[in-house]
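User: I want to know what stands behind the labels in this model. Take me through them, with the cut-offs.

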Amino acid sequence: MKKNNEFSPIIVDGVSYKIEHLKDKSFVVDVRFANGDTRSITVWLRPTNHLFSRKVTDNDKSNKSKLEKDGAWLVSYQHYDGNYQAVKGTPPKVKEFRIFCAEKWECSKIFPSFVDFIAEEPRSVTALANINKGDEKTCLSGLLHLPDRPDEVYLVYFSLFKINSKEANMIIESAYCVDRNKDFKAKKLIAADKNDVKPFIVVLKNVMEGRKPFESLAKKGAAYKASKGKNKRFKKKA
């Protein structure tokens, strides 16, 4: 459904669900880099349809025709790196299928408040690395406390990518409300143990300096030296 890329309303069973509140979100944050230079970095937020959809079940597959007719069967397309508004291929290359979820759509209305929170307090927001096999801690999560829902928090999954020296893309992989006392990632973020989380501003700085989100300058240098030493030993053997 290409219109999702344009943030047009989603029509399900004749009901219009607006998603324009997810469109054109960005913020600017000043980052001081290792060389002493301070630059204003514009972070562009790119929400995926996971903010208002769920995964496809076997039962959904059996009812695909009806779900398509009702408008609940959604399509995610592949996008170009660095330009997440541009769809790959002609015809467009499909990434995955999803099912519209009214509950997650309702939660998505909180997303602009999460953006405002980062923009206003980038040093107060902490990020947790989601340890998934092969991702090398590049998928992160952060949360927003909800004053009117004390038992819940808004949990946001995201990845950061450098565009150029002054811009970065923040891909919002998913976001929804969870029980603050039961969700594992929420509890980790609330505890804010320095061994588990890093301030958003530090994670952004690492990415802008060409490192993984949780990779310090010292670790990057150590890894480079180890790799260089290994190459020298290999050459001697050859």
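User: What makes strand β6 (residues 73-77) mostly covered?

Analyst: Five of its five residues are buried. Buried means under 20% relative accessible area, exposed means over 50%, and partly exposed lies in between (1.4 Å probe, protein chains only). Trp73, Val75 and Tyr77 point one way from β6, while Leu74 and Ser76 point the other way. Strands (E, at least two residues) and helices (H or I, at least four) are DSSP runs, numbered from the N terminus. One caution on the source: this is a predicted model, where local features need pLDDT of at least 70 and side-chain atom pairs count only at pLDDT 80 or more, while totals for chains, interfaces and linings use all residues. Residues are numbered from 1 along each chain as its sequence is written, and side-chain values use heavy atoms, with hydrogens and water left out.

User: How do you know that β6 and strand β9 (residues 94-100) pair?

Analyst: Two strands pair if DSSP finds at least two bridges between them. β6 and β9 have five bridges, in the antiparallel sense. Arg98 in β9 is the bridge partner of Leu74.

User: Why is Cys177 called buried?

Analyst: Its relative accessible area is 16%, and the limit is under 20%. Cys177 is therefore buried. Cys139, at 15%, also counts as buried.

User: Why is the pair of Phe27 and Phe200 called tilted?

Analyst: Rings of Phe, Tyr and Trp (its six-membered ring) pair if their centres lie within 6.5 Å; planes under 30 degrees apart count as stacked, over 60 as edge-to-face and the rest as tilted. The structure holds seven such aromatic pairs. For Phe27 and Phe200, the centres are 6.0 Å apart and the planes stand at 55 degrees, so the pair is tilted. The pair links distant parts of the chain: Phe27 sits in strand β3 (residues 25-32) and Phe200 in helix α6 (residues 200-208), 173 residues apart. Both residues are buried.

User: What makes Tyr157 and Tyr176 a tilted pair?

Analyst: Their ring centres are 5.9 Å apart and their planes are at 40 degrees, so tilted is the label. Tyr157 belongs to strand β12 (residues 152-164) and Tyr176 to strand β13 (residues 167-179), 19 residues apart. Tyr157 is buried at 13% relative accessibility, whereas Tyr176, at 25%, is partly exposed.

User: How do you know that Arg39 lies over the face of Phe33?

Analyst: The test asks for NZ of Lys or CZ of Arg within 6 Å of the ring centre and within 35 degrees of the ring normal. Arg39 lies over the face of Phe33 at 4.0 Å from the ring centre. Lys64 lies over the face of Phe97, at 5.3 Å.

User: Why do the buried residues of helix α4 (residues 111-120) line one face?

Analyst: The buried residues include Phe111, Pro112, Phe114, Val115 and Ile118. Seen down the axis of α4, the buried residues fall within an arc of 155 degrees, so they line one face. The arc is that of the directions from the helix axis to the C-beta atoms. Phe114 has a relative accessible area of 0%, so it is buried.
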